[in-house]
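Biologist: I would like to learn how to read a few features of a model. Please take them one at a time.

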Amino acid sequence: MQKSAYVPFFHVGRLERYNSYQQKNPNLSWLDVITHVNIGLDQAHYSNVQLIDNPSELTVLVNKYRQLSDGYEPKDLETIDQRFNPDGLKLRHYARVAFEKMCEDALAEGISLKAVSAYRSFSYQQEVYNRYKTQDKTEEEYQAIRDKVSARAGHSEHQTGLAVDINDLEESFADTPEAKWLADNAYKYGFILRYPKGKELITGYNYEPWHFRYLGRKLAADVSKSGLTYDEYYARFLLSR
Ligand SMILES: [Zn+2]
């Protein structure tokens with residue numbers, strides 16, 4: 001079969017990686033094999049890391065293979081209206097405007113949304129990641145535990161100023177009317193659920209019903225409709241060759 005003829009995001013330079021990943025994952029479709037390898041999933045998290053060269057683009061993809069530089073700070077951070085966040089949290093301009101509109105419309109339907117985390121700087125993320133460090137563990141031992149729940153500095157989507165955690169950082173949040181409202185409506189305001197249930201192996205994160213990423217309305221609707229995670233969508237349609 002002439003595989004590349006059917007898959008526009010097939011990269012001929014990755015053929016060996018596609019083949020070896022397919023051998024290890026014989027149940028995956030060829031489409032998924034290509035998508036996963038394009039994301040980088042055939043290699044360990046935090047290996048083969050690329051420095052992101054378009055950090056301020058709305059489409060920017062940050063994950064365990066793509067890192068923001070320590071100096072990157074968005075230029076248009078703005079404080080979210082205090083009715084929708086208690087602590088002076090910030091988002092980039094368009095994300096802030098869309099978030100407030102979403103909160104207002106939700107409130108009109110009796111749904112109360114609040115930001116509990118938004119923009120985080122590289123150094124703050126470093127602090128968060130290292131928060132539980134003790135003498136009795138090696139760096140590797142600490143990473144093995146901590147990587148499951150926290151992003152390493154430069155790898156948190158929160159550093160883009162386009163990600164917001166809403167209301168509650170517990171999986172039980174998923175069963176609340178607020179989370180259900182968000183799951184149904186967030187895309188209309190330009191936000192997507194970034195770490196869905198059942199996609200843990202692709203996103204590298206546990207299910208986070210509270211973590212939303214601003215992409216703008218058009219792209220958020222397209223990603224939502226596709227049923228793909230943003231990692232998959234990016235690897236198929238946005239990754240430059
Ligand atoms: Zn988050």
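Biologist: Which residues are buried in helix 8 (residues 217-226)?

Modeller: This is a predicted model, in which local features need pLDDT of at least 70 and side-chain atom pairs count only at pLDDT 80 or more, while totals for chains, interfaces and linings use all residues. Residues are numbered from 1 along each chain as its sequence is written, and side-chain values use heavy atoms, with hydrogens and water left out. Helices (H or I, at least four residues) and strands (E, at least two) are DSSP runs, numbered from the N terminus. Buried means under 20% relative accessible area, exposed over 50%, and partly exposed in between (1.4 Å probe, protein chains only). In helix 8, Leu219, Ala220 and Val223 are buried. Seen down the axis of helix 8, these buried residues fall within an arc of 100°, so they line one face; the arc is that of the directions from the helix axis to the C-beta atoms.

Biologist: Why do residues three or four places apart point the same way in an α-helix?

Modeller: An α-helix has 3.6 residues a turn, so such residues point the same way. Here, Arg217, Lys218 and Lys225 are exposed on the other side of helix 8. The cover over its buried residues includes strand 7 (191-193) and helix 9 (230-238), where contact means heavy atoms within 4.5 Å. Gly227 follows helix 8 and has a positive phi, near 75°.

Biologist: Which atoms are the protein donors of the zinc ion?

Modeller: Donors are N, O and S atoms within 2.8 Å of the metal (3.2 Å for Na, K and Ca); water is not among the atoms, so sites may look incomplete. In this model they are His158 (NE2), Asp165 (OD), Asp165 (OD) and His211 (ND1), 2.1 to 2.7 Å from the zinc ion.

Biologist: Why is the arrangement irregular?

Modeller: Four donors count as tetrahedral if all angles lie between 85 and 135 degrees; four count as square planar and six as octahedral if opposite donors are over 155 degrees apart and all others between 65 and 115; anything else is irregular. The four donor atoms here subtend angles of 52 to 150°, which makes the arrangement irregular. The donor residues have the sequence spacing H-x6-D-x45-H. Asp165 in strand 6 (residues 163-166) and His211 in strand 8 (residues 211-214) link distant parts of the chain, 46 residues apart. Both Asp165 and His211 are buried.

Biologist: Which element gives the most to the lining of the largest pocket?

Modeller: Helix 4 (122-130) does, with three residues.
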